[in-house]
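Let's take a walk through the helix packing of this protein. Have the viewer ready, and follow along pair by pair.

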Amino acid sequence: AEWPLRPGTSPSAQPKPFFGTCIQDLVASEGGVTIPRNLDKMMLVLEQNGLYTLGLYRVNANQNQMKSLKNKLLINNADLSIDGIVPATLAAMVKMFFRELPEPILTFNMYHDFMNTSKIDVNSRERALLELVHKLPRVNFLVFERLIYHLAQVANEESSNKMNAGSLAVIFAPNLLRPAKEPSAMQALEEVKHRTVVIQSIIESTIRKYVSTLAKINSLDAEDTTEDSAR
């Protein structure tokens, strides 16, 4: 089994607010899309124009842009324009989306299952995580898959943006993986490390798949170029 890459999209309808809405209700309100439209839109723009941004997802956003864009996202129109929005602001909105979900994308029920994988060896962990991710509710799976594919692309440009799988995991793990009942302060410190290991492992696995896919595409392009030159 392999980590899948990204899903497609579907038609849309009158949406619920982008922030703070249950993920199932949000996609249903958008006509049953596989990924919330404006979430996918922001990640696509970042992939096209922001992957080389130093400290992407770590640097602070433009506060004025952030406030304006957040207000527009609460209305959540399908034709939302994000022209001229700097990458750091778009990244802040992506982080906020996952942070403000009423239930984390990896679900409360599966929290301990995911956490337990941080305590096993790396090879077994990758297989265990793959199985767990595929047990997520369909909507959660598709949205999480899209995010991880996105983060793999960010980490793949580490030489430019200085953001590797580990640094992205530190930022995203608390938003993606959290328990229904917050632990004690001492326990929380310990759990932070395990959450980060889980998310880092998933990102690293996806990077390997992404790099392998790019290599195959480049190989096919090279073959086509050679054939064209021979004609």
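Is the crossing of α4 and α9 left-handed or right-handed? The crossing of these two helices, α4 and α9, is left-handed. Please keep in mind throughout that this is a predicted model.

Two packed helices are described by the angle between their axes and the distance between the axes.

| Helix pair | Axes come within | Crossing angle |
|---|---|---|
| α7 (residues 138-156) and α9 (residues 165-176) | 10 Å | roughly 155 degrees |
| α4 (residues 87-99) and α9 | 8 Å | roughly 30 degrees |
| α3 (residues 63-75) and α4 | 10 Å | roughly 50 degrees |

Let's stay with α4 and α9, whose axes cross at roughly 30 degrees. On the α4 side, the contact is made by Val94, Lys95, Phe98 and Arg99, and on the α9 side by Ile171, Phe172, Asn175 and Leu176. Sorted by class, this contact of α4 with α9 has five nonpolar, one polar and two charged residues.

Now turn to the other partner of α9 in the table. The axes of α7 and α9 cross at roughly 155 degrees. Because angles over 145 degrees count as roughly antiparallel, α7 is roughly antiparallel to α9. In this pair the crossing is right-handed. The residues that meet are Phe144, Leu147, Leu151, Val154 and Ala155 from α7, and Ala165, Leu168, Phe172 and Leu176 from α9. By class, the contact of α7 with α9 has nine nonpolar residues, with no polar and no charged ones.

The last pair in the table is α3 and α4, with axes that cross at roughly 50 degrees. These two helices, α3 and α4, are therefore oblique to each other. Here, too, you can check the handedness: α3 passes α4 in a right-handed crossing. From α3, the contact takes in Gln65, Met66, Leu69, Lys70 and Leu73, and from α4 it takes in Thr89, Leu90, Ala92, Met93 and Met96. The contact of α3 with α4 divides into seven nonpolar residues, two polar and one charged.

**The core and Tyr57**

Which residues touch the most other members of the largest nonpolar core? They are Tyr57, Val94, Phe98 and Phe114, in a core of 65 residues. Helix α7 gives the largest share of this core, eleven residues.

**Two residues to look up**

His150 is found in helix α7. Is His150 buried or exposed? With a relative accessibility of 0%, His150 counts as buried. Not counting residues up to four places away in sequence, His150 touches Met43, Leu46, Glu47 and Tyr57.

Glu191 sits in helix α10 (residues 185-230). Its relative accessible area is 10%, so Glu191 is buried. Setting aside neighbours within four places in sequence, Glu191 is in contact with Tyr111, Met115, Pro179 and Pro183. Glu191 and Pro174 are 17 residues apart in sequence, and their C-alpha atoms are 9.7 Å apart in space.

Technical notes
Residues are numbered from 1 along each chain as its sequence is written. This is a predicted model: local features need pLDDT of at least 70, side-chain atom pairs count only at pLDDT 80 or more; totals for chains, interfaces and linings use all residues. Side-chain values use heavy atoms; hydrogens and water are left out. Axes are lines fitted to C-alpha atoms, for helices over the stretch in contact, and angles run from 0 to 180 degrees between N-to-C directions. Helices (H or I, at least four residues) and strands (E, at least two) are DSSP runs, numbered from the N terminus. Angles under 35 degrees count as roughly parallel, over 145 as roughly antiparallel, 65 to 115 as roughly perpendicular and the rest as oblique. A crossing is left-handed if the near helix is turned anticlockwise from the far one by less than a right angle, and right-handed if clockwise. Contact means heavy atoms within 4.5 Å. Ala, Val, Leu, Ile, Met, Phe, Trp, Tyr, Cys and Pro count as nonpolar, Asp, Glu, Lys and Arg as charged, and the others, Gly among them, as polar. A nonpolar core is a set of buried Ala, Val, Leu, Ile, Met, Phe, Trp, Tyr and Cys residues joined through side-chain atoms within 4.5 Å. Buried means under 20% relative accessible area, exposed over 50%, partly exposed in between (1.4 Å probe, protein chains only).
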